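Here is a short note to read beside the model on your screen. Take the points in order and find each residue as you go.

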Amino acid sequence: MNNYLSIDIGGTNIKYALLDKAGNIIKKDRVSSTQDKNEFLKKIDKIINSFENLKGIAFCAPGQVLNNIIHFGGSLTYLDGMNFPAR
């Protein structure tokens, strides 16, 4: 399957959904956000690694995103300057 993963980074929760190519939600869930950058990255890795055969991943984050870099990460201050490179 070629599904897509959408991840919404919020100050309270990291919400995510697996979508098919038509945009239909196959599965959705959430995990609590953390104020620790390393713990945050572990949670993101765990979410991504729980799915196979992803065609793409989309991120939504607080603040402004320019050239894959988050600026003004809101209450999750460690997001400021974080780079989510396109692949």
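Predicted model: local features only at pLDDT ≥ 70, side-chain atom pairs only at ≥ 80, totals over all residues.

1. Residues are numbered from 1 along each chain as its sequence is written, and side-chain values use heavy atoms, with hydrogens and water left out.

2. Let us stay with Thr34. Thr34 counts as buried because its relative accessibility is 15%; buried means under 20% relative accessible area, exposed over 50%, and partly exposed in between (1.4 Å probe, protein chains only). A polar atom of the Thr34 side chain lies 3.2 Å from the backbone nitrogen of Asp36. That is a polar contact: a pair of N or O atoms within 3.5 Å, where within protein one must be able to donate a hydrogen and the other to accept it, and residues adjacent in sequence count only if both atoms are side-chain atoms. Not counting residues up to four places away in sequence, Thr34 touches Glu39, Phe40, Leu76 and Tyr78, contact meaning heavy atoms within 4.5 Å.

3. Where is Ser33 placed? Ser33 also sits in the loop between β3 and α1, and it counts as buried because its relative accessibility is 15%. The Ser33 side chain reaches the backbone oxygen of Gly10 at 2.4 Å, and one of its polar atoms lies 3.3 Å from the backbone nitrogen of Asn13. Leaving aside neighbours within four places in sequence, the contacts of Ser33 include Gly11, Thr12, Ile14, Lys43 and Leu76.

4. Now for the sheet. Four strands form an open sheet with mixed pairing, in the order β3-β2-β1-β4; two strands pair if DSSP finds at least two bridges between them. At the edges are β3 (25–32) and β4 (54–60), each pairing on one side only. Strands of a sheet pair through backbone hydrogen bonds, either parallel or antiparallel. Strand β1 (residues 3–9) pairs with strand β2 (residues 13–19) in the antiparallel sense over six bridges, and Ile7 has Tyr16 as its bridge partner in β2. Helix α1 (residues 37–49) packs on the sheet and touches β1, β2, β3 and β4.

5. Which aromatic rings pair up? Tyr16 and Phe51 form an edge-to-face pair, 6.2 Å centre to centre with 75 degrees between the planes. The rule is that rings of Phe, Tyr and Trp (its six-membered ring) pair if their centres lie within 6.5 Å; planes under 30 degrees apart count as stacked, over 60 as edge-to-face and the rest as tilted. Both Tyr16 and Phe51 are buried. Phe40 and Tyr78 form a tilted pair, at 5.4 Å and 50 degrees. Phe40 lies in helix α1 and Tyr78 in the segment after β6 (69–71), so this pair ties together parts that are 38 residues apart in sequence.

6. Last, the charged side chains. A search of the whole structure finds one salt bridge, defined as a side-chain nitrogen of Lys or Arg within 4 Å of a carboxyl oxygen of Asp or Glu. Lys15 forms it with Asp8, the closest N and O atoms being 3.8 Å apart.

Notes
Helix = DSSP H or I, 4+ residues; strand = E, 2+ residues; numbered from the N terminus. Axes fitted to C-alpha atoms, helices over the stretch in contact; angles between N-to-C directions.
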